[in-house]
Amino acid sequence: MLQRPSVHGFHFAQASRTWRGATDINAFARLAEALPECRGTIMYQVRGFVDSERHSYVDVEVETVLALVCQRCLGSLRWPLKLGRRLYLAHDEKEAERLEADVALVPDAEVLVADAAVDLAALVEDEVLLSLPLIPRHEEGQCPAEAPVTELN
Ligand SMILES: [Zn+2]
């Protein structure tokens, strides 16, 4: 059973706390619903930081192998996933806007309004859901549905 800690985002960051673990993908209900097949383990880590300019943020890291369905051959598709996302914390929308302009230098960083409780498991789920390909497909040359290459002489 997955624990879903609900934390105060800023306290979590300021105390440099970490939430990490490895669990069955099924433990994440929204992932289980979104994925065609739900097996395997998901490793996750959420760590809190404060940078030299007093910005609070969390780094979300996820590593897993998903089983998707190739939309070309409808066969099973092994989808290794390793992602990291930095989320800067804002108290309200106004601060979020300011931060968004501020943190533009950090590639791929996002701003999260975190004045109330933050569901850490939901952050992990969101990152995985956002990373799912719109149309999953086997790589070029690895899909059984591809027409065999005929050599022209
Ligand atoms: Zn395929």
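Which strand is A117 found in? A117 belongs to strand β7, residues 117-119; helices (H or I, at least four residues) and strands (E, at least two) here are DSSP runs, numbered from the N terminus. Before going on, note that this is a predicted model, where local features need pLDDT of at least 70, side-chain atom pairs count only at pLDDT 80 or more, and totals for chains, interfaces and linings use all residues. Residue numbers start from 1 along each chain as its sequence is written.

Back to A117. A residue is called buried if 20 or more other C-beta atoms lie within 10 Å of its own, exposed if 12 or fewer, and partly exposed in between, with C-beta atoms placed from the backbone. A117 is exposed because it has 11 other C-beta atoms within 10 Å. Leaving aside residues up to four places away in sequence, A117 touches S6, V7 and H8, where contact means that the C-beta atoms, placed from the backbone, lie within 7 Å.

Now for the strands. β4 (56-69) and β5 (76-90) pair in the antiparallel sense over 13 bridges; for two strands to pair, DSSP has to find at least two bridges between them. V58 stands opposite L87 in β5, and L87 also stands opposite E110 in β6. β6 (residues 110-113) pairs with β5 in the parallel sense over 4 bridges.

The hairpin of β4 and β5 has 6 residues between the strands, and there L74 takes a positive phi near 60 degrees. Most residues other than glycine have a negative phi. L74 counts as exposed, because it has 10 C-beta neighbours inside 10 Å. S16, not a glycine either, has a positive phi of about 50 degrees and lies in the loop between α1 (9-14) and β2 (18-24). With 10 other C-beta atoms within 10 Å, S16 is exposed too.

What about the inside? A nonpolar core is a set of buried Ala, Val, Leu, Ile, Met, Phe, Trp, Tyr and Cys residues joined through C-beta atoms within 7 Å. The largest one has 27 residues, and V46 and V124 touch the most other members. At least two residues of this core come from each of α1, β3 (41-50), β4, β5 and α4 (120-131). V124 touches Y44, V46, V60 and V62, not counting residues up to four places away in sequence.

V124 is also one of the buried residues in α4, which include L120, A121 and V128.

Technical notes. Two residues are in contact if their C-beta atoms, placed from the backbone, lie within 7 Å.
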